[in-house]
Amino acid sequence: MEKATQAGTEFPAGEIEIQSASDFDALVRLHRPRVFRFILASVRNPESAENLTQDCFIRAYKARDQFRGVSSVSTWLMQIAANLVRDHEGSGRSRFWRRVLRRDVESSDLSEWVSDGRTSPESMAAAKEQVDAVWSAARQLPERQRTVFLLRFVEDMDLLEIAAVTGMKEGTVKTHLFRALQSVRKELEGKR
């Protein structure tokens, strides 16, 4: 049986053996960074991303007995996260607060994804500009295309994993990814 291990705690594929609070804490430590990155890239608001990440693990904890093991724990958690993002994006309350607050993640917060410490300031500025342009283009994508795009390029998931997370067929994922890439490229070419 395949197992995921973090800090000595094993989670068998197909089962979530949570017998104590420390077992669940280990599961959260193992998967939280990936879940948070995806949610942050989706909602572009650190406070909302924190809240949705916490909601994801609360839902997972409450539903741990219902985990069927059809997919990995990681895929199951990302599926919960994707559903939370979809619900969040669709709620009128979140649209209202996004318009009122507009506290989007600044591209300077993403500098750790771009910087390697050996690039010139000019290269950093150009890279920051490119990252800003990609984020801007991704923000304009329809929901399903944006979700597939972010899972592929932020979380580096393969097509089958994305299909499992979103509940789409692999061919549908390919179509959404193709269309998302076309839209992002078109948007980037229009800014040159």
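Student: Is phenylalanine 67 buried or exposed in this structure?

Tutor: Burial is judged from relative accessible area, where buried means under 20%, exposed over 50% and partly exposed in between, with a 1.4 Å probe and protein chains only. Phenylalanine 67 has a relative accessible area of 10% and is therefore buried, and tryptophan 76, at 12%, is buried as well. This is a predicted model, in which local features need pLDDT of at least 70 and side-chain atom pairs count only at pLDDT 80 or more, while totals for chains, interfaces and linings use all residues. Residues are numbered from 1 along each chain as its sequence is written, and side-chain values use heavy atoms, with hydrogens and water left out.

Student: How many aromatic pairs are there, and what describes such a pair?

Tutor: A pair of aromatic rings is described by the distance of the centres and the angle of the planes. Rings of Phe, Tyr and Trp (its six-membered ring) pair if their centres lie within 6.5 Å, and planes under 30 degrees apart count as stacked, over 60 as edge-to-face and the rest as tilted. The count here is three aromatic pairs. Among them, phenylalanine 67 and tryptophan 76 have ring centres 4.8 Å apart and planes at 55°, so the pair is tilted.

Student: Which pair involves phenylalanine 149?

Tutor: Phenylalanine 149 pairs with phenylalanine 153, with centres 5.1 Å apart and planes at 55°, so this pair is tilted. Phenylalanine 149 is buried, at 8% relative accessible area, whereas phenylalanine 153 is partly exposed, at 45%.
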